[in-house]
Amino acid sequence: MSNSNEHNEVQASNFIRNIVMEDLKSGKHSSIVTRFPPEPNGYLHIGHAKAICLNFGLAKEFNGKCHLRFDDTNPVKEDTEYIESIKESVKWLGFDWCQDEYYTSDYFEQLYEWAEYLIVNGKAYVDDLSAEEIQSYRGTLTEPGKESPFRNRTVDENLDLFRRMRKGEFPDGAKVLRAKIDMASPNINFRDPVIYRILHATHPHAGDKWCIYPMYDFAHGQSDAIEGITHSVCTLEFESHRPLYDWFLDNLPVKSRPHQYEFARLNLTYTVMSKRKLLQLVKDGDVAGWDDPRMPTLAGLRRRGFTPEAVRNFCHIIGVGRSDSWIDIGILEEAVREDLNDRAPRVMAVLEPLKLVIENYPDDLHEELSIEYHPQKPELGSRKVAFGKELYIERSDFQEVPEEGFKRLTLNGEVRLRKAYIIKCTGVEKDSAGNIILIRCSYDPDTKSGLPGSKKKVKGTIHWVDAKSAISSEIRLYDRLLSVVSPSGDDWKKDLNPDSIKILTDCKLEQSLEKAVAEEHFQFERQGYFCVDMRDSKPGKPVFNRTVTLKDSWGK
């Protein structure tokens, strides 16, 4: 995947796109207005990326508009931090809502007037039942609900009580406003749903102006109507709510008539997509915040090193359908591999260093090797890499007694140092516990890469770092959040992957990485793709996060 991918790459043929095309062709709409309406009660995750790409992508493709609207109807769970993180993530993903930033809370006065309109028309009433009693009166899928004893209050009584609710005369939970529809309806959402509740809480956007707040089902469709949304796109769990969405629009004096369409939400293996569960991980300290690189949040994926191009391409690959299904997280990982394979410079880093001394290398010689950043991308240039008598290699690249099939360095064996020389192991040093702490080698100066002698064949090539010029760095090896495909039951945290993070504190990196900056991507040769951590890195002391391995090791 190249960096030139446009946002409309996510607009593969899908049923919603086909509906939009038909509506424009038939003249039902002269232009389209979509919206992305997150609740600011958490950080956006990869599932939201699918909705973002769909809504903004449709608007872009058909020269329409996409609004960013915060459906902020519950001040108890909402926070300014979430609002700012949502805006940052949408921008990072590559989309711009221009001047079209809206808040449901800005419509509270209009929504309140419409609630009174329902009361006046005998279609809403103030109920004194508790939340538990309302639930018990609701009935089941096979049994009708039971009417509240307060259902037949007069219009004047309901208006008086509702206005007193607004004035703050009653405590939380004392009363609610319910729509008066049908307690025997086969659609449980029609059984006199609550449309306003009392919450004495400061709102992150509206402040302390209100102490009653509309429920999501009441506010959502009316907000769409106020903004002139033509295609209100949401996930399948709201399909049974669509008749209620339409009922409110049918019974209120709205000036525009949006239509709701549902598509399948994203279920991703080896992770959790519930904001409630993600919040629990944050609160319980199982992860280091919403942007922990193990989290499926867009902030977490960004910090881990996923690119917006890779995320958008992933959304394009999985498509938009009507059937719920599970998507293998390996598809997301492969999308970022493809993207970084094109763009990431190749460098050398030793994660678990073992000292190596080339005994016949001159003490006073220190070379600078010119090594390209990318074998297929000459435009990325090259850098100078120091080479000297003392090096670091990966501990796993040496076996004193090699196992079958081992093709790297062994005692009395030969191997090529990448872009340098062929060396032969002549001996090892061990500590008192028998652990190898030093490898002694000799080299053949005629085998330098690029010279005629370099054509000598050996079985293996390994990477290395010059000991004198190497920089030390912390590297965090991140893996999947869960150790199972999907979490099970209330005890789902037992499925957390105990190896989802491994921190290496004394890795040795080639000197060129000293100037690496936040969010810069690299391929550490033979190791994987890595990104400079945007939180903990300091000038001259980068911290690296592993974005993804070179190959899918989970598929084996």
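Reply: What follows starts from a pair of helices and then moves to a neighbouring helix and a pair of strands.

The model is predicted, so local features need pLDDT of at least 70 and side-chain atom pairs count only at pLDDT 80 or more, while totals for chains, interfaces and linings use all residues. Residues are numbered from 1 along each chain as its sequence is written, and side-chain values use heavy atoms, with hydrogens and water left out.

Let us begin with helix α4, residues 108-120, and helix α7, residues 216-227, whose axes come within 11 Å and cross at roughly 115° (helices are DSSP runs of H or I with at least four residues, strands runs of E with at least two, numbered from the N terminus; axes are lines fitted to C-alpha atoms, for helices over the stretch in contact, with angles from 0 to 180 degrees between N-to-C directions). Because of that angle, α4 is roughly perpendicular to α7, a term that covers 65 to 115 degrees. On the side of α4, the contact (heavy atoms within 4.5 Å) is made by Gln110, Leu111, Trp114, Ala115 and Leu118, and these meet Phe218, Ala219, Gln222 and Ile226 of α7. Sorted by type, the residues of this contact between α4 and α7 come to seven nonpolar, two polar and no charged (Ala, Val, Leu, Ile, Met, Phe, Trp, Tyr, Cys and Pro count as nonpolar, Asp, Glu, Lys and Arg as charged, and the others, Gly among them, as polar).

Both of these helices return when we look at helix α8, residues 242-250, where Leu244, Tyr245, Asp246, Trp247, Phe248 and Leu249 are buried, that is, under 20% relative accessible area with a 1.4 Å probe, protein chains only. The cover over those buried residues of α8 includes α4 and α7, and also the strands β5, β6 (194-198), β8 (231-235) and β9 (259-263).

Which way do the residues of β4 point? In this strand, residues 124-127, Ala124 and Val126 point one way while Tyr125 and Asp127 point the other way, and all are buried. Strand β4 runs antiparallel to β5, residues 176-179, and four bridges join the two, where pairing asks for at least two bridges found by DSSP. Within this pair, Asp127 has Val176 of β5 standing opposite.

Note on methods
Angles under 35 degrees count as roughly parallel, over 145 as roughly antiparallel, 65 to 115 as roughly perpendicular and the rest as oblique. Buried means under 20% relative accessible area, exposed over 50%, partly exposed in between (1.4 Å probe, protein chains only).
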